[in-house]
Amino acid sequence: MTTTNNSMAERAAGVEISDLRKSYGSNEVLKGISLDVRPGEVVCLIGPSGSGKSTLLRCVNLLEKPNGGTIHVGGFEATDPEVNLDKMRQNVGMVFQQFNLFPHLTVLENCTVAQIKVLKRDKAKAHATAKLNLERVGLGDFGGRYPDELSGGQQQRVAIARALSMEPTLMLFDEPTSALDPETVGEVLAIMKKLAREGMTMLVVTHEMAFAKEVADRVVFMDGGVVVEEGVAAEVIGNPQQPRTQDFLRRVL
Ligand code: ADP
Ligand code: MG
């Protein structure tokens, strides 16, 4: 491991979610979710569409406000009304299905804008950090391009580099390969696998069961706003115990 990787592993924080509840109007979509990711651990969250996976991730960095329960991330209680939202969110990198890059900014600018605005870094430091993270995702030479000049897989790798440039202690991925052409899925999964190896704490919503089996320390299966089953990846995917998990896996495998 390089020094950079060691420092990342040292900075890695866990997340502790306890009895998390979230409703939209009268529709309760998270019905008391408890889920921990230990520092340096990779947890894959699987489950049918509508089961509440995205809502759960969005609650972790408070893009959604939970109705109950607690979430602790890297020394912050996200659910404390007094929490410093900006400081807390800096710890949490998020990568979405749609890459959400700024189309009018270059790749490099996409990776520096939040560093400058939120972290108040000077331009030189922000550029250096962005460059380093673009190199990490294999796009060191792409800084001057615009998003629409890149393939979907390359755009998603930029989105990962952008998140990493904020030096988060936890990375959330919400179906990061679902919108990609099949031929570019592998390059994004390879970057995620590398990050996992380097000790990043990761909570990953995915339908890529082979990835989950290979990379995840644990797999959590959600359905209808509850955790139905969780355990070692190979066990949950290879030998699920609950009928609902068995049903789901039969359909996706
Ligand atoms: P998943 O990511 O597992 O497909 P979601 O978390 O996106 O599930 O959605 C869970 C449920 O919450 C769904 O029934 C969805 O319609 C509902 N939902 C999600 N976001 C909103 C929202 N902003 N307003 C109202 N209902 C929502
Ligand atoms: Mg979703």
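Two strands count as paired where DSSP finds at least two bridges between them. The legends below describe close-up views of a predicted model.

**View 1. Strand 1 and strand 4 pair within an open four-stranded sheet.** Strand 1 (residues 15-24) and strand 4 (residues 68-73) run antiparallel and are joined by 5 bridges. In one part of this pairing, glutamate 16 has histidine 72 of strand 4 opposite it. Helix 2 packs on the sheet and touches strand 1, strand 2 and strand 4. The direction of helix 2 makes about 115° with that of strand 1.

**View 2. The open sheet of 4 strands has the order 2-1-4-5.** Pairing in this sheet is antiparallel. The edge positions are taken by strand 2 and strand 5 (76-77). Each of these has a single partner strand, so one of its sides is left without a neighbour in the sheet.

**View 3. Oxygen atoms of ligand 1 lie close to polar atoms of glycine 50, serine 54 and threonine 55.** For glycine 50, a polar backbone atom is 2.7 Å from an oxygen atom of the ligand. For serine 54, a polar side-chain atom is 2.9 Å from a ligand oxygen. For threonine 55, an N or O atom of the side chain is 2.5 Å from an oxygen atom of ligand 1. Ligand 1 exposes 570 Å² when taken alone, and the protein buries 58% of that.

**View 4. A second open sheet is built from 6 strands in the order 6-7-8-3-9-10.** The pairing in this sheet is mixed. Strand 6 (92-95) and strand 10 (226-232) are the edge strands, and each pairs on one side only. From one strand to the next, the twist averages 15°.

**View 5. Strand 3 runs parallel to strand 9.** Strand 3 (residues 42-46) and strand 9 (residues 218-223) are joined by 4 bridges. Leucine 45 stands opposite valine 220 of strand 9.

**View 6. Helix 7 lies across strand 3, strand 7 and strand 8.** The helix covers residues 182-197, while strand 7 spans 170-174 and strand 8 spans 201-205. Helix 7 runs at about 145° to strand 8.

**View 7. Strand 9 and strand 10 form a hairpin with 2 residues between the strands.** The two strands run antiparallel and are joined by 6 bridges. Arginine 218 has valine 232 of strand 10 as its bridge partner. In the hairpin, glycine 224 takes a positive phi near 60°.

Terms used: Residues numbered from 1 in each chain as written. Chains lettered and ligands numbered in written order. Predicted model: local features only at pLDDT ≥ 70, side-chain atom pairs only at ≥ 80, totals over all residues. Heavy atoms only, no water. Polar contact = N/O pair within 3.5 Å; in protein donor to acceptor, adjacent residues only side chain to side chain. Areas by Shrake-Rupley, 256 points an atom, 1.4 Å probe, with all protein chains shown as cover. Axes fitted to C-alpha atoms, helices over the stretch in contact; angles between N-to-C directions. Contact = heavy atoms within 4.5 Å.
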